[in-house]
Amino acid sequence: MRRMNIILIIITVTFSSVRSQTQNLSPRYILENDNDVVSVSSSPLLPQPLMIPLTLIHGAVSKGAVCLDGTLPGYHFHPGSGSGANSWLIQLEGGGWCNTIRSCVFRKTTRRGSSKYMEKQLPFTGILSNKAEQNPDFFNWNRVKVRYCDGASFSGDSQNEAAQLQFRGQKIWLAAMEELMSRGMKNANQALLSGCSAGGLASILHCDEFQSLFPKSTKVKCLSDAGFFLDATDVFGGHTLRNLFGGVVNLQEVQKNLPKSCLNHLDPTSCFFPQNLIDHVQTPLFLLNAAYDAWQFQESLAPHSADPHGSWNNCKSNHANCNSSQIQILQNFRNQMLNDIKGFSTTSQSGLFINSCFAHCQSERQDTWFADDSPLLNNMPIAVAIGNWFFDRQVVKAIDCAYPCDNTCHNLVFNVGKSAMVDSQSTSDDIPTSMQYSRSTRLTFSAGLFVLSALLPITCS
């Protein structure tokens, strides 16, 4: 039963810099917006998440598998048990890209480019939770979060000696998989590769490689959460995201690791876009995406570079402020996404959950993954939909009606400032720190307050 009461909880938060090296975050929550870590003081009213320590891959240097600054890559691992002892879920961390020498040099001074700055522990929530009531299908699997420190969705392979930069995403991927295979993944009877945002793009890029690690008897599938980045025209008529991706591909020599079947027809930058990749993926793939992806709205569709006078700022801060012409542009963006997945959606092994929310990354957050008031499509929360698809219990090709029809959404609301992506020191696809989720879960990052309010849910018809 979905809760019908109204709760308002106010607790304090502290902000930690991306450059701080947190030694022990327990018993605090980590709320990832990918750019900054927000550590939220524990409360008896909130269940404690499972905190998993960082493991560095000590044999990685000999394989050339290092972060941007040459430090060791790492991962967080919680072993499975019972019926899940031989099942594996791999989550590839997100956190954007660096597309210039300058932005990559900056990035290597953060947790997105160096294990020196990575948190020593991370919470496992959502799809990584070890609680059956929070994660019904995967709670007792072997669950792994692979940290992201290369800036090219685990796909680059080059270096810049003058700037002392190592672009070794592909080698990090291979070293991490080799390490996990040695820890028991080689015995898996079923495995799911997942990822959020830049990690969601990586899960598409590496999906077939992941399947190739296992014998044909192993059930292997892939999940991309908020990784379907569109090659869209921005509001000024430019191609902001294509320019960013082009820089990433050229700087880090990503073309070495893109599907040859795509490169035979398109340029390397085009083959970094999921819309041109998904038809080349042979392994069963599930796309979980908001039709109005909040990050793409902020940084690809209406970035500061395309809107220097800020005419989109009110709309970007809260979709409820958008005028009719702006809404039409957003509807065109949704239509482009639906058109780009049209062929993919007809394949028997594909899965879809495209809701009409202003959100970004819905599998790692507990409130959007599986909770009393989490988003629904066809009366199914995301966790149930993906479980049904993975275990072949049901065909799942759920596409929401257009905004504003869905009343179950958890929508992001922002205090919009200057766009990050067009700044020369931009390093990520991160949601700005000053934001909140509207409707059922509100995260207001302001002067020291974290507000969590569970409001009366309204079921989408």
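In the predicted model, Cys271 is buried, with a relative accessible area of 0%. Its disulfide partner is Cys262, the two sulfur atoms lying 2.1 Å apart. Cys262 is likewise buried, at a relative accessible area of 1%. The torsion about the S-S bond of this pair is about -95°, and the disulfide is therefore left-handed.

The bond connects distant parts of the chain, 52 residues apart: Cys357 is located in the loop between strand 14 and helix 12, and Cys409 in the loop between strand 17 (397-399) and strand 18 (412-414). Both cysteines, Cys357 and Cys409, are buried.

A disulfide is also formed by Cys207 and Cys222, with an S to S distance of 2.1 Å. The link of Cys207 and Cys222 is right-handed, with 100° about the S-S bond. Because Cys207 lies in helix 4 (residues 207-212) and Cys222 in strand 12, this pair ties together parts that are 15 residues apart in sequence. Cys207 and Cys222 are both buried.

Strand 12 (219-225) is also among the elements that cover the buried residues of helix 13. Helix 13 (residues 382-390) is mostly covered, eight of its nine residues being buried. These buried positions are Ile382, Ala383, Ala385, Ile386, Gly387, Asn388, Trp389 and Phe390. Besides strand 12, the covering elements include strand 11 (190-196), strand 13 (285-290), strand 14 (351-355), helix 12 (366-369) and strand 16 (380-381). Helix 13 is followed by Asp392, which has a positive phi near 60°.

Charged side chains provide a further set of links, with 14 salt bridges found over the whole structure. Asp157 takes part in a salt bridge with Arg168, at an N to O distance of 2.7 Å. Since Asp157 lies in the loop between strand 8 (142-146) and strand 9 (158-160), and Arg168 in the loop between strand 10 (165-167) and helix 2 (169-182), the contact ties together parts that are 11 residues apart in sequence. Both partners count as buried, Asp157 at 15% relative accessibility and Arg168 at 13%. Asp157 also forms a salt bridge with Lys171, the closest N and O atoms being 3.0 Å apart. As Lys171 lies in helix 2, this pair ties together parts that are 14 residues apart in sequence. In contrast to the buried Asp157, Lys171 is partly exposed, with a relative accessible area of 25%.

A salt bridge is also present between Asp267 and Arg242, whose closest N and O atoms are 3.7 Å apart. Asp267 lies in the loop between helix 6 (260-263) and helix 7 (274-277) and Arg242 in helix 5 (residues 240-252), so the pair ties together parts that are 25 residues apart in sequence. Both residues count as partly exposed, Asp267 at 34% relative accessibility and Arg242 at 23%.

Strand 4 (residues 50-56) pairs with strand 7 (residues 121-124) in the antiparallel sense over four bridges, and Leu50 stands opposite Phe124 of strand 7. Strand 4 is also joined to strand 5 (residues 74-78) by three bridges, again in an antiparallel arrangement. In this second pairing, Leu54 stands opposite His76 of strand 5.

Methods: Residues are numbered from 1 along each chain as its sequence is written. This is a predicted model: local features need pLDDT of at least 70, side-chain atom pairs count only at pLDDT 80 or more; totals for chains, interfaces and linings use all residues. Side-chain values use heavy atoms; hydrogens and water are left out. Two strands pair if DSSP finds at least two bridges between them. Helices (H or I, at least four residues) and strands (E, at least two) are DSSP runs, numbered from the N terminus. Buried means under 20% relative accessible area, exposed over 50%, partly exposed in between (1.4 Å probe, protein chains only). Contact means heavy atoms within 4.5 Å. A salt bridge is a side-chain nitrogen of Lys or Arg within 4 Å of a carboxyl oxygen of Asp or Glu. A disulfide is a pair of cysteine sulfur atoms within 2.5 Å.
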